[in-house]
Amino acid sequence: MLSRRSKELFYTFFSPVMRINGTLYRTIRAPRKNNDNLIKVQLGPGQKNYLAGWINVDSNLFTAKVDVWSDIRYTLPFKDESVDFFYSHHVIEHLPDLTFHLKDMYRALKKDGKIRIGGPNGDTAIRKYLENDHAWFINFPDERESIGGKLENFLICRQEHLTILTPSFLKESLENVGFKNVKVCLATKETRFPEIIDQNVLGKEWETDLNFPMTLLVEAEK
């Protein structure tokens, strides 16, 4: 895991270039509104979670496998109403402006377009903290003995996490920007869109406790 200082330096030098690259892609190469093909976009795949058949967008050109190199903290590199499906897993908690990001996904989605987003489940973490359940937490990014330290690890993650995600907060945030039919996935590997979120996608979603998942997964429609 890179230090926060290293990441700050990376974005200081490369964010302007990424934004230019994203603008060029959106202007020249990105699918258009009237494209009849199914346009599926994954945001922040990293190296291991690259999905064939999707447009994979990431800011890390060096260690991630990407189709589009762009800084997703800013405007996404897609035209208005041109994307059928957005998917991201453990990405949105790292973004400085969650509302802006959700609004921009909404902008780029076609009518009736869909999303599936996931991140650390704050509700479950707090419940496990109150139960003093040390075993539920993982020792990442740091080794911690206390239950408070384990909670801080999970929610803040060396200040890499910029928001705490809970079902009610994420549902409210999505509905406030216009999304409808917002549903929290109550079970691991659950989806309302199996024709898109198939076993290839679900197989990349990690969990360590199936009864009390660490990941909050939410699906919604435009």
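## Burial and the model

A residue counts as buried under 20% relative accessible area, as exposed over 50%, and as partly exposed in between, using a 1.4 Å probe and protein chains only. By that rule F179 is buried, with a relative accessible area of 4%, while Y106 is partly exposed at 24% relative accessibility.

Please keep in mind that this is a predicted model, where local features need pLDDT of at least 70, side-chain atom pairs count only at pLDDT 80 or more, and totals for chains, interfaces and linings use all residues. Residues are numbered from 1 along each chain as its sequence is written, and side-chain values use heavy atoms, with hydrogens and water left out.

## Aromatic pairs

Let us turn to the rings. Rings of Phe, Tyr and Trp (its six-membered ring) pair if their centres lie within 6.5 Å; planes under 30 degrees apart are stacked, over 60 edge-to-face, and the rest tilted. The structure holds 12 such aromatic pairs. In one of them, the centres of F78 and F86 are 6.1 Å apart and the planes meet at 75 degrees, so the pair is edge-to-face. Both F78 and F86 are buried.

Y106 and F179 also make an edge-to-face pair, because their ring centres are 5.1 Å apart and their planes stand at 85 degrees. Y106 belongs to helix α2 (residues 98–108) and F179 to the loop between α5 (167–176) and β6 (180–184), so this pair ties together parts 73 residues apart in sequence. Helices (H or I, at least four residues) and strands (E, at least two) are DSSP runs, numbered from the N terminus.

K65 is placed over the face of Y50, at 4.4 Å from the ring centre.

## The enclosed helix α4

Helix α4 (residues 147–156) has 7 of its 10 residues buried, so it is largely enclosed by the rest of the structure. Among the buried residues are I147, L151 and F154. Just after α4, C157 takes a positive phi of about 50 degrees.

## The sheet and W69

An open sheet of 7 strands runs in the order β3-β2-β1-β4-β5-β7-β6, with mixed pairing. Two strands pair if DSSP finds at least two bridges between them. At the edges sit β3 (68–69) and β6, each pairing on one side only.

Strand β2 (residues 55–58) pairs with β3 in the parallel sense over 2 bridges, and D58 has W69 in β3 as its bridge partner.

Terms used
A charge sits over a ring if NZ of Lys or CZ of Arg is within 6 Å of the ring centre and within 35 degrees of the ring normal.
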